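Visitor: I would like to learn how to read strands and aromatic pairs in a model. Can we take them one at a time?

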Amino acid sequence: MNDLTTIDGIELAELANILGTETSSGGGDTLVRVPKLDHQHAADDDDGNPMPRGEFRLHMPDQIVYAKTVRFRPLASHVQYFLWENDKLVKSRALKNMREEARDTAGGIACGMPEWEVRAENEDLRQKYKDCQRRIVRGLVSMTGHNIEGDEVIIENQPTIYFGKGRTNYGGFFNEYIKQLPKGSNIFDYEANMSTERMKVGATVFFKIHWEPLLKNKLPMTQDVFETMKVFADTITAENKYVDDQYFKAHAEDSLDSKAMAAIEDSLEADLADA
């Protein structure tokens, strides 16, 4: 990749605004799909075959690539809410920060997730919303890993998407990566080593994702990275347009229902008056 020395600064700033890349000084069908990065939860598969538990998984179109550690260059960071209810997915807009309104596809806000103080007192609500709020990080992942057969697979700068969720991994990217960056940096200026840590509470085993920012090496902006950022920006813009369309459609339908009910009530009152 060649360093990008003639980039339009205004266009890069506009991309950074969409992608949520700046650090503080203190679904529609048209979306581009990229391989998802997550980690192996289960110790074996449905047939009882052992799996590399705790290793990262990159879901490539032709195979899953596993690795104990990966290198990740973040290009976009958002918070988004997801809730499966009545066999239907409700999701919010992708938010650059928590000051933005989390309008969702059902016409609500943040998929109806109550404040923590309310959830803390209700086990059903805690279970319902435990994975609702997620940190979505899009970027480039590199790894030397293996497929399920054990063959070595090398991945370099593969566009990917990572979902940090739950009390264990929702805040990891913000606390371990964003908060450690130099003042005024963009998240794409650096990359991180990602690793997993096995945790156990009672009989439950889970894995905490760690982000180690590599701050000694500030990365250049290249044409390939810039083009990937543009694709991510288009994806996020389309995602938020889809959510907004569904949100306002739901409110329009509610308004029509209210008007229809009002008309029925008026008609009934008129009938009663004539009786």
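Visitor: Which residue takes a positive phi in the hairpin of β8 and β9?

Guide: This is a predicted model. The residue is Gly202, with phi near 65°. Two residues lie between the strands of that hairpin.

Visitor: How many bridges join β8 and β9, and in which sense do they pair?

Guide: They pair in the antiparallel sense over 10 bridges. β8 covers residues 192–201, and β9 covers residues 204–213. Asn193 stands opposite Glu212 in β9. β8 also pairs with β4, residues 70–85, again antiparallel, over three bridges. There, Phe72 stands opposite Ala192.

Visitor: What describes a pair of aromatic rings?

Guide: Two values do: the distance of the centres and the angle of the planes. The count here comes to seven aromatic pairs. Take Phe72 and Trp211: 5.4 Å centre to centre, 75° between the planes, so edge-to-face, as the angle is over 60 degrees. Phe72 is in β4 and Trp211 in β9, 139 residues apart, and the pair links these distant parts of the chain. Both residues are buried.

Visitor: What are the values for the pair of Tyr247 and Phe248?

Guide: The centres are 5.0 Å apart and the planes are at 85°, an edge-to-face pair. Arg103 lies over the face of Tyr247, 5.9 Å from the ring centre.

Visitor: Why does Tyr247 count as buried?

Guide: Because its relative accessibility is 11%, and buried means under 20%.

Conventions
Residues numbered from 1 in each chain as written. Predicted model: local features only at pLDDT ≥ 70, side-chain atom pairs only at ≥ 80, totals over all residues. Heavy atoms only, no water. Pairing = 2+ DSSP bridges. Helix = DSSP H or I, 4+ residues; strand = E, 2+ residues; numbered from the N terminus. Phe/Tyr/Trp six-rings, centres within 6.5 Å; stacked < 30°, edge-to-face > 60°. Buried < 20%, exposed > 50% of the residue type's maximum accessible area, 1.4 Å probe, protein only. Lys NZ or Arg CZ within 6 Å of the ring centre and 35° of its normal.
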